[in-house]
Each structure stands twice: as structure tokens, then as C-alpha cells.
Amino acid sequence: MANNIIKNNTADVLPSEDIPLLTRKDFVSDQEVRWCPGCGDYSILAQMQKMLPALRIPRENIVFVSGIGCSSRFPYYVESYGFHSIHGRAPAIATGVKAARPDLSVFVVTGDGDGLSIGGNHLLHILRRNLDVTIILFNNRIYGLTKGQYSPTSDIGKTTKSAPLGTIESPLDPVKLALAAGASFVARSVDRDTTHLESILYEAAKHKGTSFVEVYQNCNIFNDGAFAAFAEKDVSPEKMVYLEHGKPVRFGRQKEHGLRLSGFKPEVLENVSDDSELLVHDIYQESTALASILSTMDYPEYPVPVGIFRQVERETYEDQLDMQVVQARANQSADLQDLIAGQETWVVG
Amino acid sequence: MTIDSKSKQDLESRVQATVRFAGDSGDGMQLTGNQFTKTNAVYGNDLATLPDFPAEIRAPTGSLPGVSGFQISFSSNDIHTPGDNPDVLVAMNPAALKTNLTDLVDGGLLIVDADEFKPINLRKAGYAENPLEDGSLAAYQLVSVNITQNNERALEGLELNAKERFLSRNFYALGLILWLFNRPLETVERWATDKFSRNPIVLEANLRALRAGNAFAETTELIHQRYEVAPAEVAPGTYRHINGNEATALGLVAASQLADIPIFYASYPITPATDVLHELARHRNFGVKTMQAEDEMAAVCAAIGSSYAGSLGITGTSGPGLALKSEAINLALMTELPLVVLDIQRAGPSTGMPTKTEQSDLLQAMYGRNGDSPVIIIAPATPGECFEMAIEAVRFALAYMTPVIYLSDGYLANGSSPWLVPSIANFPPISNHYEEIVNDGDSAYDRDPDTLTRRWALPGQKDLEHRVGGIEKSFETGNINYEPGNHHKMTLARAQRVAGAVRDIPSQEVNGPEQGDLLVLGWGGTYGAITSAVAQAQLDGLSVASAHIRYLNPFPGNLEQIFSRYKQVLIPELNNGQLSVLIRAQYNVDAIPFGKISGQPFKIKEILGKINHVLGHSKSFKFDFEEE
């Protein structure tokens, strides 16, 4: 009976030594990958497949949910349960999956169009509700599948087929949006830095609550080099800053530069040796103030921050929902015949 | 029949009576009506009720849009509708009189609160003269009572402010009406005692108001006639009062138990569907999980997600919300997941008239999605029947792994009637397509060759890892497939799966002669009016039968055969002829559409009038509200 599989799975199948060690290959499906050669999506898929065995979760307990767009083909390529849904709705579908079955590990794969434009509302609300779901938003700042229209994260002035004279729309910053929605885990990484990406995916998956990871992802067909000025290996040490909890915020090839706060404004200190002058990153702050300030740093004025902006503990939606069921059952009997009869009845005959 | 010896007035026996309470939306008319209904139900009458509330929660006090009404018809016979026209109208202010008077039968009893007919209220209602004084009500038995003042006197000495005293005057009116129909006060008194147990002063105020109104009627000679409506002969058993939305919600809980699968109900607030969410949210102890979603799409998608994970995914809405959900309903169709979508219809299009009833989403349910998109559609006919049809919706969704649209409407949702409480033991369990893996080659797309339904492969099942999605997929493997032949095959398979559900649909029954001049065909909440009108036509000697369809896609298998036995088919609907379109298309029957699109349910006399017209017994038919 279907109910057995639902009822017997209590929340959180904890990583267990009994679970056979899986490898990357165990998470490779038999479906042919159909992204353009050179697409940044390949890197994200590869890091995900490398990371998944480390979670020590049985493959059949993992569900990937996606919407529509290039990124949303992701579930086809991971050997697990997968749901390629409709445009923008992946967070809502994932909400239903997780609320019904807290025992499952649920991932949402979305993009800047899917997650921020047509599905912006759902993204906002899953972050607010804090279901234990890991959301990876591939941000390539362009619509790829429909062949090159500007997206909600495209730079102002960007010329595309749908904006031949340049866009006149200000872009959204996904990290700022996630922080504003009260997301309990907010991070950013980049397709080019595979080590960093894999570690962020791991931390996001381990976090209990909604994890939001923005990944800068290069679309080499319609928006090639969108992040090249700071994300390519030759420039990234100078142009990106890797946020690490508890450490002074430093960047540069020798970590020679640092960051301090001047009021509410981040300030770059070049060639600074004394850590005591520098801002120390703290991902566990309940207040989103520090994370929000860091999120304002952008190319070219600042090095672009990647890493975990915020990670706080909050009760998850599904646990609270389950608790309501448990408490209601403890406080009230559940006699269906009584329920149907209601409070007031009368007898005839 | 016993006559109260204390009573100076005559007690006239009647088979049926219809009463309407009308007042400002803050006057508590719904509560008053419900209490009067309960008293009659406990007394043993058959009855039907219809609330009619304004769209505004609190329109300006005393204004015409702020009038709230509640009509009840009760009888010593079988009864199917809340009555065409009230015999008694209680009007708590001039606006209530103005908006309701035209419905009162000629010579009907009109009880008004004279204290409220002051200049400011008369002006708000658009009366130049006081109708209580200018003779314009001569056609009715006017009973003008100083309800507000009398009630004030009854409450003297209680520590209540002016507003609180004013609020209890509905119970004064209720006490008066209970006397008029020779009903005891105790059902209301018991309810009030329980309801206000924590507020003794308010309890005292309500009890005093109720008794004062009752005593006033008893001791004055303003009302010359009392009425007695004897108990009806109804099937023995335990009864309760239920409206359609309650019955729908309870049916879903019952279905969950019968299927042994927990409910996940996600919904966005929308009139008149919201009460289903309210009701289900109270039943966590039955494992019911509810979610108030951020929008209609999220609601249906969360329900689909829960179905994918093994819950009973259900969403509820009204017409505008069904439009927003249509893309996701197709996702459930393509991924072959069970889904129940409740559409509690209201008057459209667009926002339309949210608090008014209509049956105008049938074609939307049938065709309102992209691509060839067959879904199972069912519709309850009475408030009580919402219970079993909700169970049917779940049964079909699980049996055919496909979306089921359940079409209720505002009339059924808010209308209520006594309901013989069913024994849950009499309902068969509900099965589903979840299976343990048996063989090595088992896949998520193993199909039942007869029904073409696939296995309900749930996450957590080892070796059934698979991908589903809205993209067309291979009939055999479920993998993405763009081949022309496959899409053709899958489209036909989806149609065949839904069409094949006819095997589980009970044969259509007919009320009346097996063959004849006219078949009146209906669906949904028009059942009461059609059944009553056809019964009357039969008494009048006409060769008329009625059939009320609960299964709209697919239709019952014997429907075509039924059509062949009648010379004409008349289809009354609260829309502009939607079922007629389907019947004409599917059966090539020259059905006569009969649409009423006023936001109000059919009156019996309207359908009777149309029957007479169709059968050539009258020259024309027009609704009262149509211009000559």
C-alpha cells in the first residue's frame, strides 16, 4: 500500500554507515545530455554528481525538481527521482513533495528566468516558508532555451533580440532577493570554480531549511563571457572575494587585500597586513544586515563575493506541519463516523 | 394537530412554508436563519436553505448593497429547493425591505422593525416616503413591530453598550418567528447557552431578546394567524444539517481514510471555495495537511508535488482560479498523477459576481487547457451529495492516475439541507496503483493494459528511480519522446484512459416515465428545481421525465439510449447552454438549451414555465427579470 511508504518514512533519513557508499557514476542517468557543448551547466551537473555520494543518502530518497529552461533539464541527467515540471513552478512542486514526505531529500534546479521571472513569487514563498529544500539557481543572465532574450538579471543596456536598443530594466540580484525573503541559507558560487562549487553544494544540501545557491553560469551561445571579467581563473583572485565564516574578508593572489566596513559601506583596503582592521565574516548572524551589505558588492567597484552569505537555524515548514498533525492527534480522537455526524444531530424513527 | 391552549390566534396547518430573513449585513441574518433552520430540522421538517450575502463584507450600514438575506423553505413533504417566493419576509431595515419585497408572495406576511424606518435609513434605501405609512404595502399583511425599542426594554439592567444591545435584536425577531410557526425555543436556547458559555451577559441578552420577541407575539394581537408545518416523513436514521462545502470537505477526509492515504490540500482563498480550506484545516487529527498557497498555481503545483510523493493531492478554487491552474492540471495529466481539483463555481466571466452562483465553468473544465486534454469531470447535485461525490473524485483520480475536476457551485456550497448521516462502513475502500517491485524489469511506466494507467512509482522505492515531466514521453519507457507516432499514440491513450472510466460510472437513472414527450436533463445544483418542476409537470399530466447527470466526462454509458426514448430534450442550466453544447456534439441530439444567467438559482416555476412552453401549452416563456 502506498500509505506504508508514506507513513514508515519518518522525517530525516539520517546519513548512515549502513548505506552503501555510492560514487559519482551512480548518479549518472542513462539519458543523453543535451546542453550546448561548452555550457556552464556541465560543470554544475558534474559537481552535483560528485557531491551527492558524500551525503550518504540512498539514491531513491533524492528528488530533483525543475521548471522550464536549459537548467531545468538537469533532473533527466541525475539518476534519482526527478520531476521536470512547468515554467516557474518548481518551488511550489517541491513544497508539495517535501510537505508530504519530509523523509525525502529535495533539490530544486532553476534559472534566472524560471526562478526570478515567471516563478518569482514561488521562489519568494519557499524561502519564506523554509522547507528543507536545496535550490540551485543557474544565473546566466539570459534566456537560453528561447534563444537569447534578456532575463531579469541581465545588465541594464544589454542588447538582445528582444531589446535591440538595449534593455531599460534594472536587474534583480538573486542573493539580495533571497536575503530579503529571510532565506535561512544563502550562498553564491560560480561554474568555473569546481572545488568551491562542490563545497557550496555540499553545505547547501546539509543545511536544514531552504538553501538558496546562486551559481554564475556561463551561456557560451547567447551571453558568452558574462562573468569572465571576474570569474575566469586568471582574474578571479583579484576580482572575487571568497567569503569564509569566522575569517577576515581577504582577497588577492596572496590574500593581500582586505575589506572593512566604513559605516554601512564596504571599503577595500589594498595590501593590508593587519587582520584587526578587517571585517570578519559571520554567516550565523540572525540579522541579515551584514550579509546584505556584502551582497551590495559588485563588479567592477568591488570584488564579487562568493561563498555563504548567511546560514541560520529556523524551524522548517514541514516539521511544524508534522508537529501540528502529531499534536492534533494527541489532543483529539480521530473517529471518522463522529466527524461526519458533527456536533448536532437528530434521530428520526 | 394540537393547538396551543394559551394562544388566542388560529393555528393553520400548512404543507410548506418559506421564510426569508433580510437585514443589514451586520444584523446577523445568517445566524438567525441558521438557528430557525436547526429548530425546524430538529422538529422533523424536510427543508432547504439559501443564504444570499452581499459581496462586501461590511457595506455601509443601511445601504442597499449591504443587505444580507437567508431563505428557508420547510415542509411536511419531500422538498428540494429553498422555495421560489417567501410567504414570510422579515425586514430589519428599509434597505432590506426594498431589495426583497418584490419576491414576497401576494398577501404574504411582512414583519418589519418599525424603529429602523427613520429618515436617514429611508434615504439610504431610496424611499422618498415611509412605506410603512404611505399605503404602498397594502398588498401584504404588514406587521410593524418596534423591535429595537422593545428589545432595549427587555435588556434593561444588563451591562451592555448600545451596540451590543442592538446586536441582539435579531434574536427578538427570531423569537417572534418561532412563535409564528409554533416552534419551541429550546433548540436555540441550547445553542446559545453553549455558544456564549464564557460570556454570561451576552448569553442573558440573547435569551432575553429571544423570549421577549416570543412573548410579544404571544400577547399582542398583531399577528392573527399562526402556522403549523407538520414533520415530514423521512427515512429513519440520524440526521444532521450540512452545506455543500462542509460535505465536500468531510467527503475528502472520508476518502483519505477509505484510501488509507493522507490528504494534502493546497488552496488560495477564493469565494465561494474558501470554506473547504477552513474545514479541512481543522482536521489535522485525521492526518490532513493543508496549505494556504501564495497563489492558484502554487496551490495546484503543491498538490501535484504531494501526489508525486504519494499523498492525495487536492486543490480547491473557483472559476478564475481554475483558469490559473489549467497549465498545471495538464502537467498532472502528462505525468499521469492523481489530482483532484475542486471548482466551486461562481458567476463569471472574470471576477464576475463572486458571491452569486452559476454553472458556467463546465466548458472550461472540459476544454480550457492547451492541447488535447481530457480529464474526468464529476458534479454533485445536492449539498449532501457533495460528500459521496468528493469520495468519487478521489476514487477516480487514484483509479485512473489522472486529474479529476469536481464541479460544485455557490448554491450547493452555501445551501444546506438535512442530511442522513451515512455509515462510513458502507463505503468500499479506495484502491490505487502503488505496487511493490516484483520483477527486475519493473519500471515506473508499467501500464495496466485494460485501463492504460501506469504504476504509481513513489520516491523512496528503490530501483524505480525515474524522471517525469510535462514533455511528451514514450508510451513504454516514459523517456522524452518527440516521435510523431508516439505523440499520436499517447494522445489517444490519454483520451482512452478517461473515456474508459465509463466502466466505473453508474448507469444514468431517470425520474418519471421510461419514454415520453420530454426529457429534462440537468447537472449540478439545479437538481432541486428541476426535480420539483418535473414532479409538478407530471402531476399536471404532462409526459415529462428528468435525468440529472453526476458524471460529465465521460458521460454515463446509457445516456444515448435514454435520449432515444424521448421526443425532445430540454437542458436547464445556470449558464448560456454549456451542457447543451456537449450533448449536441457527442450525441447529435437537438437538445433545447435553457439558460439562466442571473446569479440566482432556478425557481421551480421558471422550469415549469419552460416545460409548458416547450410542450406547446404556453405561447412564450420569459424570466421575470427579462424585459418585455
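**Chain contacts and a helix pair**

Mentor: Keep in mind that this is a predicted model. Chain A and chain B bury about 5800 Å² between them, and carbon and sulfur atoms give 62% of that area.

Trainee: How many residues of each chain are in contact?

Mentor: On the chain A side it's 63 residues, and they touch 76 residues of chain B.

Trainee: Which residues in chain A lose the most area to chain B?

Mentor: Those are A:Tyr81, A:Ile340 and A:Trp346, together 15% of what that side buries.

Trainee: And how many salt bridges are there between chain A and chain B?

Mentor: The count is five. One pairs A:Glu79 with B:Arg467, where the closest N and O atoms are 3.2 Å apart.

Trainee: OK, switching to helices. At what angle do H17 and H20 of chain B pack?

Mentor: About 50 degrees, and their axes are 8 Å apart. H17 of chain B covers residues 527-539, while H20 of chain B runs over residues 604-614. With that angle, H17(B) is oblique to H20(B).

Trainee: Is the crossing of H17(B) and H20(B) left-handed or right-handed?

Mentor: H17(B) and H20(B) make a right-handed crossing.

Trainee: Which residues make the contact?

Mentor: H17(B) brings B:Ala529, B:Ile530, B:Ser532, B:Ala533, B:Val534, B:Gln536 and B:Ala537. From H20(B) you get B:Ile604, B:Ile607, B:Leu608 and B:Ile611.

Methods. Residues numbered from 1 in each chain as written. Chains lettered and ligands numbered in written order. Predicted model: local features only at pLDDT ≥ 70, side-chain atom pairs only at ≥ 80, totals over all residues. Heavy atoms only, no water. Axes fitted to C-alpha atoms, helices over the stretch in contact; angles between N-to-C directions. Helix = DSSP H or I, 4+ residues; strand = E, 2+ residues; numbered from the N terminus. Parallel < 35°, antiparallel > 145°, perpendicular 65-115°, else oblique. Left-handed = near helix turned anticlockwise from the far one by under 90°. Contact = heavy atoms within 4.5 Å. Buried area = accessible area lost by both parts, 1.4 Å probe. Salt bridge = Lys/Arg side-chain N within 4 Å of Asp/Glu carboxyl O.
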